[in-house]
Amino acid sequence: SIIVSPRSADKAAALAADYPNLVKIAQDNAQVVAESDIIFIGLLPGTAREIIPSLPFTEKHFVVSMMAAVDYTETLSLLQAAAPSLPDQQIVRTVPLPAAAKRSGPILMHPINERGSAILKNIGTPVSCKGEEDMKPMICLTGHISSFFELQRVTESWITSKGVDSEAASAFVRSFYSSLATAAENSQHS
């Protein structure tokens, strides 16, 4: 089962409606932690610094941080303030991308952690990094997301300006760029 925070009430309610036998909405964040073995944290830095030290973490938890502006060292510090017995080996920092919603795409993770990789394989392709500094160049490349979709938009617009039906142009462009991305993903070459 999945226990979600009530913090984003509309999103929590939508998840519970879509998956009534799987998703339960907690009363608060403390209930999420108390009733879970694996915790995904997606808080903003200020909120994280305020909330995490007061939550009932224990040595049984495995924690996956998805906090963009909270590095691994600070995450360890916050979690170990809440649970001094929580081992470092049960805490990972990740950078999931929007494609994770479709169980696709890379998910950067630090440190290298077998259990973390096994969990993340369910929602994408874990890319383990020895150090957080290894993550930064790859995080920078996420800026290509906008230019990729803009290239598709411009390409489709150009095709339709030549008199091609918009549905045909859209279908061609989606399939064309998808096939290029699939070929790149399956290639062993740079």
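**View 1. Start of helix H8.** A side-chain oxygen of Asp165 comes to within 3.1 Å of the backbone nitrogen of Glu167, at the start of H8. Helices (H or I, at least four residues) and strands (E, at least two) are DSSP runs, numbered from the N terminus. This is a predicted model, in which local features need pLDDT of at least 70 and side-chain atom pairs pLDDT 80 or more, while totals for chains, interfaces and linings use all residues. Residues are numbered from 1 along each chain as its sequence is written, and side-chain values use heavy atoms, without hydrogens and water.

**View 2. Two sides of helix H8.** Ala169, Ser170, Val173 and Tyr177 of H8 are buried (under 20% relative accessible area, with exposed over 50%, partly exposed in between; 1.4 Å probe, protein chains only). These four cover an arc of only 100 degrees around the axis, which puts them on the same side of H8; the arc is that of the directions from the helix axis to the C-beta atoms. Glu167 and Asn186, on the other side of H8, are exposed. Helix H7 (144-161) is included in what covers the buried residues.

**View 3. The open sheet.** Five strands are ordered E3-E4-E5-E6-E7 with mixed pairing (pairing requires at least two DSSP bridges between two strands). Strands E3 (38-41) and E7 (125-128) are at the edges with a single partner strand each, so one side of each lacks a neighbour in the sheet. E3 and strand E4 (residues 62-65) run parallel, joined by four bridges. Phe40 stands opposite Val64 in E4.

Methods
Contact = heavy atoms within 4.5 Å. Polar contact = N/O pair within 3.5 Å; in protein donor to acceptor, adjacent residues only side chain to side chain.
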